[in-house]
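Here is a short briefing for a first look. Have the structure open as you read.

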Amino acid sequence: PFLVLQTKGELVAGKETSVIVEFTNPLKQTLDNVTLRLEGPGVLRTIKKQFGRIPMNSTLTWEVKFIPMRPGLRKLIASLNSDALRHVYGELNVQIQKP
């Protein structure tokens, strides 16, 4: 399994935008103690969020608003851990425009 990351709107330094992290549980069981982590060096501080459970075949969607500070090519990285699944990753290269 993997995480899908996508941004909403244009990415301009100093302007608020958001990134959406999506995960669909592929297992034939409910995932318990789900923790999502999102980081982006030079884009946003590391954010962790607890999600209790994800039933089988369900999709979790997490939207995070942020303000990128520096223009240039950056990378957003998300990871998911739970009791049954560990180290599920997704990443997205983003180009931050100058204001």
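Which side chain makes a polar contact with the side chain of Ser-18? The partner is Glu-63, and the two side chains meet at 2.9 Å. Keep in mind that this is a predicted model.

**Around Ser-18**
- Ser-18 sits in strand β2, which covers residues 17–24.
- Ser-18 counts as buried because its relative accessibility is 4%, and the cut-off for buried is under 20%.

- Strands of a sheet pair through backbone hydrogen bonds, either parallel or antiparallel.
- Here, four strands form an open sheet in the order β4-β3-β6-β7, with antiparallel pairing.
- The edges are β4 (44–54) and β7 (88–96), and each of these strands pairs on one side only.
- On average, neighbouring strands of this sheet are turned by 15° against each other, direction ignored.

**Where β6 meets β7**
- Strand β6 spans residues 72–81 and runs antiparallel to β7.
- Nine bridges join β6 and β7.
- Ala-78 has its bridge partner in β7, namely Gly-90.

**The annotated domain**
- An unreviewed UniProt entry carries the annotation "domain: Transglutaminase C-terminal" for residues 5–97.
- Over residues 5–97 the chain is 65% strand and 0% helix.
- The end C-alpha atoms of residues 5–97 are 19 Å apart.

Key:
Residues numbered from 1 in each chain as written. Predicted model: local features only at pLDDT ≥ 70, side-chain atom pairs only at ≥ 80, totals over all residues. Heavy atoms only, no water. Pairing = 2+ DSSP bridges. Helix = DSSP H or I, 4+ residues; strand = E, 2+ residues; numbered from the N terminus. Axes fitted to C-alpha atoms, helices over the stretch in contact; angles between N-to-C directions. UniProt positions renumbered as here; feature names shortened; annotations may be inferred. Buried < 20%, exposed > 50% of the residue type's maximum accessible area, 1.4 Å probe, protein only. Polar contact = N/O pair within 3.5 Å; in protein donor to acceptor, adjacent residues only side chain to side chain.
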